[in-house]
Amino acid sequence: MATVAEQFIEVLRQAGVERIYGVVGDSLNPVVDAVRKSGHVEWVHVRNEEAGAFAAAAEAQVTGRLAACAGSCGPGNTHLIQGLYDAHRSGAPVLALASHIPSTQIGTGFFQETHPGRLFVDCSHFCETISTPEQMPRVLRTAVQQAIGLGGVSVLVLPGDVASMSTARAAGRHDFLTRTGTVVPPADQVAGLAEALNRAEKVMLFCGAGTRHAREEVMGLAGRTLAPVGHALRGKEWIQYDNPYDVGMSGLLGYGACYDAMREADLVVLAGTDFPYDDFLPGARTVQIDHDPARLGRRTPLELAVHGDVGATIRAVLPHVTQKTDRRQLDRMLARHLKALENVVEAYTHDIEHHRPIHPEYVANLMDELAADDAVFTVDTGMCNVWAARYLSPNGRRRIIGSFVHGSMANALPHAIGAQFTDRGRQVVSLSGDGGLGMLLGELLTVRLHDLPVKTVVFNNSSLGMVKLEMLVDGLPDFGTDHAPVDYAAIAAAAGIGSLRVEDPANVREALTTAFATPGPFLLDVVTDPDVLAMPPRITTGQVKGFALAAGKIVLTGGVGRMVDMAKANLRSIPRP
């Protein structure tokens, strides 16, 4: 008779799980042994369970399938919390096993006793305890289906002694629902949307991650309404590339004419975005399209709420939308977008190859140029988010993954680990800040242990750059943000990872080329300028307070890479109705 732990692994295998990220130990040992016996599921040893949860989140986002992580009782599973919050808020289907103390000791203040059933409720769709073998496999299958169907985290709490018990019944077979249906809006909402689009003289489309499978539909609606198209950070990889209506990004990291286009429009269409910064939204004349009805109107008042997938909604409404012919507003916004980009290019093009410390914009721009067309970029929270937003060019094949909703530090390297496990032949590049890398530095050992060909590029400015900016714009002296320089290339070399340290900008291109071409893991430690945080004159110190920002347009200076060329091309050759 199989044990509960062995049945647990068999059900995960049926659900398509290929590996579990975690740290072995005590109450988790029966499950780890079941992994050993299975021959189908891999155990990935990480140095911190937090990193394991981040890795599972990235794997799920790259593959679209369920991923898994685990933590032993007490501190083993409390370490999971940060990565699980990130996974859940990113909508990544992840199953987390929170192993527990012996069931007979629960409630006695036993060694390492915590309350995982309470702890993980806020970062999961499902959090339940298996206390008897009779609950298997049904409870686990329910947890799996919740994670897959709702997009997010399920947590299963399993005491170590219960994991060792014999099962009450065979696992059998089960067909998990892995593809959800398409949400088609009601006819009256389609009619209302068509009426609003036809009535408005100046339409603007603002797109988020929900446009992932609706790119062609968005372009079709933009062409019909002659609408400028902007995007949130999570919508960038799906909607910015080859977009003749592109006016950039809104938000703290925004650029271009997106903010202006939104403010001057008669009608703003929020398409598949749960953009949280309401100070950047017009607060009126807005419709929203989303497949999740709970998101409709929670950021801004709506003239019309449309419950449907973006693609299905646009396909339904487009036959009823009249072709607009007045393109003056679109042309104005495209021209303003180009001017906004050109005005900041000087920051990274003037004498750049002689500037020391190295401009981080220069590094990011070269990285974008030299990286593979199907690279996966993982991005640390903070200034690395800025460089990714401004310089990484999506093309429909590249992926850009970060803690864009939860905003956790230290996510880039463990995200890269999970992304690389999905395909060892695909280029995975971690844009790591020195602050983030230092927080989970031990995961370099995970990269080496599993010989993962992750390329880690460290933007090393010996500073918590984004925190420094937050203090400065709030009128506070930057305190506690700077620290002693660290040679991360030397640390990587000591761990057996190929590495280079670059301090001269003239050597950046060659160093990046070497890093990307070297088989196996590689770390490039680039000493960058911490003083690249000047604010444009239109922003006052009262307009920004960290990521809980107030109204503003362009917050950080810096170039925008190849987007200038794209903006010029759009202005010349936008399709005519």
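Guide: Start with one term. Buried means under 20% relative accessible area, exposed means over 50%, and partly exposed lies in between, with a 1.4 Å probe and protein chains only. Helices (H or I, at least four residues) and strands (E, at least two) are DSSP runs, numbered from the N terminus.

Visitor: How many helices and strands does the chain have?

Guide: The chain has 23 helices and 19 strands. Of its 577 residues, 58% are buried.

Visitor: What makes helix α16 largely enclosed?

Guide: Count its residues. Helix α16 covers residues 383-391, and nine of the nine are buried, so the rest of the structure largely encloses it. W387, R390 and Y391 are among these buried residues.

Visitor: Why is strand β19 called largely enclosed?

Guide: Strand β19 covers residues 522-527, and six of the six are buried, so the rest of the structure largely encloses this strand. F522, L524 and V526 point one way, while L523, D525 and V527 point the other. In a regular strand the side chains alternate between the two faces of the sheet.

Visitor: How do you know that β17 and β19 pair?

Guide: Two strands pair if DSSP finds at least two bridges between them. Six bridges join β17 (residues 455-460) to β19, and the two run parallel. V457 stands opposite L524.

Visitor: Which way do β18 and β19 pair, and over how many bridges?

Guide: Strand β18 (residues 498-502) pairs with β19 in the parallel sense, over five bridges. Here L500 is the bridge partner of L524. From β18 the chain passes through helix α22 (residues 508-517) to β19, a right-handed β-α-β crossover. Right-handed means that, with the strands pointing away from the viewer, the path from the first strand over the helix to the second runs clockwise.

Visitor: What is the strand order in the open sheet of seven strands?

Guide: The order is β10-β9-β8-β7-β11-β12-β13, with mixed pairing. What makes β10 (255-256) and β13 (304-307) edge strands is that each pairs on one side only. Strands β7 (residues 203-207) and β8 (residues 229-231) run parallel, joined by three bridges. F206 stands opposite G230 in β8.

Visitor: Why is the pair F275 and Y277 called edge-to-face?

Guide: Rings of Phe, Tyr and Trp (its six-membered ring) pair if their centres lie within 6.5 Å; planes under 30 degrees apart count as stacked, over 60 as edge-to-face and the rest as tilted. The whole structure has five aromatic pairs. For F275 and Y277 the centres are 5.5 Å apart and the planes stand at 90°, so the pair is edge-to-face. F275 and F280 are edge-to-face too, because their centres are 6.4 Å apart and their planes are at 80°. Ring pairs link F206, Y259, F275, Y277 and F280 into a cluster.

Visitor: Why is S72 called buried?

Guide: S72 has a relative accessible area of 8%, so S72 is buried. This residue lies in the loop between β3 (67-71) and α4 (75-78). Contact means heavy atoms within 4.5 Å. Beyond its neighbours within four places in sequence, S72 is in contact with G25, D26, S27, L28, N77 and S99.

Visitor: What is the predictor's confidence in the chain?

Guide: pLDDT is the predictor's confidence in each residue, from 0 to 100. The chain's mean pLDDT is 90, and 89% of its residues reach 70 or more. Over residues 534-559, pLDDT stays under 50. Residues 573-577 are also below 50. Where pLDDT is low, the predicted coordinates should not be read in detail.

Note on methods: Residues numbered from 1 in each chain as written. Heavy atoms only, no water.
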